[in-house]
Every structure is written in structure tokens, then in C-alpha cells.
Amino acid sequence: ASIRTVRDMASSLRLEVDSRRRRVDEDLLRMRSEVSSLDEKINSKTVDILRESSENHSTLSRRLDECQEHCNSLEAMIVQHRQTSQEMQGQIEVH
């Protein structure tokens, strides 16, 4: 009778261990799936951030170029006005 009790207990423990092993395997599979999903989300967001960053960089570069062109045109205008002013000043001093 005691052998049968020990055998029943061992069988019960094996069943419990198998049940827990299945539960752990299911949990590990679920966690792997979640990690894989998170990896995909991270990769997608990284691509989005890099694309947006590149677009912002291009926009800022274009705006800086436009500002530089405007500055150059203003400097050219200042030089032209300075020359005209000097010519006028020279004409006034001659007369």
C-alpha cells in the first residue's frame, strides 16, 4: 500500500511538473512573441524618426541657404549704395 501511495505521489508530481513545464513553455513563447513585436515597433519607429530627422535637416539646410542668399543680396545692395553715395559725395565736393 505504501509503495502504491509513493507511486501515486510520484505520478502526481510528474503530472504537476509537466503542467508547470507546459505553462512555462507557453509563457516563454508569449514573451518571445511580445519581444519580437516590440523589436518590430522599435525598428519601425527608428525608421520614422530617421526619416523625419532627414526631412527636418533638409528643410533647415534649405532655409539657411535662402537666408545666406538674402544676406548676400543685402550686402551687394549695401556695396552698391556705398558706391553711389561716394560718387554723389564726390560730385557735391567738385561743385
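Here is a short walk through the structure above, from its overall form to some of its side chains.

Let us start with the ground rules. The model is predicted, so local features need pLDDT of at least 70 and side-chain atom pairs count only at pLDDT 80 or more, while totals for chains, interfaces and linings use all residues. Residues are numbered from 1 along each chain as its sequence is written, and side-chain values use heavy atoms, with hydrogens and water left out.

Now look at the whole chain. The protein chain contains one helix and zero strands; helices (H or I, at least four residues) and strands (E, at least two) are DSSP runs, numbered from the N terminus. The helix, H1, covers residues 2–94. Along its principal axes, the C-alpha trace spans about 140 × 15 × 5 Å. The protein chain has 40 Å, whereas a compact globule of 95 residues would have a value near 12 Å. This radius is taken over C-alpha atoms, and the globule rule is 2.2 Å times the number of residues to the power 0.38.

How much of this chain is buried? Of its 95 residues, 0% count as buried. Here, buried means under 20% relative accessible area, exposed means over 50%, and partly exposed lies in between (1.4 Å probe, protein chains only). Ser-85, for example, sits in helix H1 and counts as partly exposed because its relative accessibility is 43%. The accessible surface of the chain comes to about 9100 Å², with 56% of it belonging to carbon and sulfur atoms. Such areas come from the Shrake-Rupley method with a 1.4 Å probe, and for residues only the protein chains shown count as cover.

Next, turn to the charges. Side chains of opposite charge can pair when their charged atoms come close. The structure holds six salt bridges, a salt bridge being a side-chain nitrogen of Lys or Arg within 4 Å of a carboxyl oxygen of Asp or Glu. One of them joins Glu-16 to Arg-20, with the closest N and O atoms 2.7 Å apart. These two residues lie four residues apart in helix H1, about one turn of the helix. Glu-16 is partly exposed at 37% relative accessible area, and Arg-20 is partly exposed at 47%.

Another pair is Arg-21 and Asp-18, whose side chains meet in a salt bridge at 3.5 Å, N to O. Here the spacing in helix H1 is three residues, about one turn. Further along, Glu-66 and Arg-62 form a salt bridge at 3.6 Å, N to O, and they are four residues apart in helix H1.

Finally, which residues make a nonpolar surface patch of about 250 Å²? They are Val-24, Leu-28 and Met-31. Patches are made of residues with over 30% relative accessible area and no salt bridge; like charges are joined within 9 Å, and nonpolar side chains (Val, Leu, Ile, Met, Phe, Trp, Tyr) within 5 Å. Leu-28 lies in helix H1 and is partly exposed, with a relative accessible area of 36%.
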